[in-house]
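Good morning, and thank you for coming. I would ask you to keep the structure in view while I speak.

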Amino acid sequence: MADYALRPFRSEDLPALVKHANDPTVAANLTDTFPHPYNESDGRAFLAEAIKPVPLRRCIEMGGECIGAIGLHPKTDLWRRNLELGYWLGREHRGKGIMTAAIRQMVRIGFATFPDVTRIYASPFGSNIASQRALEKAGFTLEAKLHGTLVKNGKVEDEWIYAVRR
Ligand SMILES: CC(C)(COP(=O)(O)OP(=O)(O)OC[C@H]1O[C@@H](n2cnc3c(N)ncnc32)[C@H](O)[C@@H]1OP(=O)(O)O)[C@@H](O)C(=O)NCCC(=O)NCCS
């Protein structure tokens, strides 16, 4: 597997972030809050949140460049013992096991940072085989398949729910 590091974001990550995020294959697999095209002002808005000193968002760095992102989203109310995991990787770096390793590492960070959290989950589309495979390799279990719950770019999608327990 290629050498990578998970580290906090820095404002200097803006050009690399925009370069890798501005790709329809990234946005096509994420919620509609992730824009396409992804421009400098999108990157700046993300970094303004991501560089806050809480270890929830991590830059995936390789060769000194930020090539992707992984983040944990704390849930509230009845779901407060859960964290939702989200991630994406620049197209040319895929298929080398990077995200599988990053997911494993982020799960350790999540459970260590939030002692009350008992479950970390992710919800790839039914069509997102790469994400499902990375989650499985990282030790997640497929808990549910929700049929036709989502609409992405005009296409109805299933929502598959994967989780790992403390
Ligand atoms: C999903 C994503 C993060 C995976 O990152 P990655 O570093 O390439 O993942 P890994 O290399 O750790 O694992 C991917 C696995 O899926 C497999 N895979 C990828 N596409 C596949 C396909 N179409 N059919 C079958 N397997 C596939 C890979 O071969 C690999 O499995 P293997 O190691 O057993 O060969 C990356 O594809 C991505 O950023 N996609 C766009 C954004 C996205 O989907 N984010 C997740 C939203 S839930």
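Predicted model: local features only at pLDDT ≥ 70, side-chain atom pairs only at ≥ 80, totals over all residues.

In strand 3, Gly71 is the bridge partner of Arg57. Arg57 itself is placed in strand 2. Strand 2, residues 57-62, and strand 3, residues 65-74, run antiparallel and are joined by six bridges.

Is Arg57 buried or exposed? There are 20 other C-beta atoms within 10 Å of Arg57, and the cut-off for a buried residue is 20 or more. Arg57 is therefore buried. Apart from neighbours within four places in sequence, Arg57 is in contact with Phe9, Ala50, Ala69 and Gly71. For Asn22, which is 35 residues away along the chain, the C-alpha separation from Arg57 is 18 Å.

Seven strands form an open sheet with mixed pairing, and their order is 1-2-3-4-5-7-6. At the edges are strand 1 (5-7) and strand 6 (141-152), each of which pairs on one side only. From one strand to the next, the twist averages 25°.

Which helix lies across strand 4? That is helix 4, residues 98-113, which runs at about 150° to strand 4 (82-89). Helix 4 also lies across strand 1, strand 2, strand 3, strand 5 (119-122) and strand 7 (155-165).

As for the overall composition, the protein has five helices and seven strands. Read from the N terminus, the elements follow the pattern β-α-α-α-β-β-β-α-β-α-β-β. The C-alpha atoms fill a box of roughly 40 × 40 × 35 Å along the principal axes. A compact globule of 166 residues would have a radius of gyration near 15 Å, and the protein, with 15 Å, agrees with that. Buried residues account for 28% of the 166 residues. Of the contacts between residues at least 6 apart in sequence, 60% join residues at least 24 apart.

Helix 1, residues 14-21, has Leu17, His20 and Ala21 as its buried residues. These cover an arc of only 95° around the axis, so they lie on the same side of helix 1. Their cover includes helix 2 (24-27), helix 3 (40-50) and strand 3.

I come now to the ligand. Of the 22 residues around the ligand, Asn29, Arg94, Met99, Thr100 and Arg133 come nearest. Helix 2, strand 4, helix 4 and helix 5 (129-137) are the elements that give two or more residues to this shell. Which element gives the largest share of the shell? It is helix 5, with five residues.

Finally, some remarks on the backbone. Most residues other than glycine have a negative phi, and most peptide bonds are trans. The peptide bond from His36 to Pro37, however, is cis, with omega near -5°. Pro37 lies in the loop between helix 2 and helix 3.

Asp77, although not a glycine, has a positive phi of about 55°. Asp77 is located in the loop between strand 3 and strand 4, and it counts as exposed because it has 5 C-beta neighbours inside 10 Å. Asn153 likewise is a residue other than glycine with a positive phi, near 50°. Asn153 is found in the loop between strand 6 and strand 7, and with 10 C-beta neighbours inside 10 Å it counts as exposed.

Definitions and conventions
Residues numbered from 1 in each chain as written. Pairing = 2+ DSSP bridges. Helix = DSSP H or I, 4+ residues; strand = E, 2+ residues; numbered from the N terminus. Axes fitted to C-alpha atoms, helices over the stretch in contact; angles between N-to-C directions. Contact = placed C-beta atoms within 7 Å. Rg over C-alpha atoms; globule rule 2.2 N^0.38 Å. Buried ≥ 20, exposed ≤ 12 C-beta atoms within 10 Å, placed from the backbone. Arc of directions from axis to C-beta. Near = placed C-beta within 6 Å.
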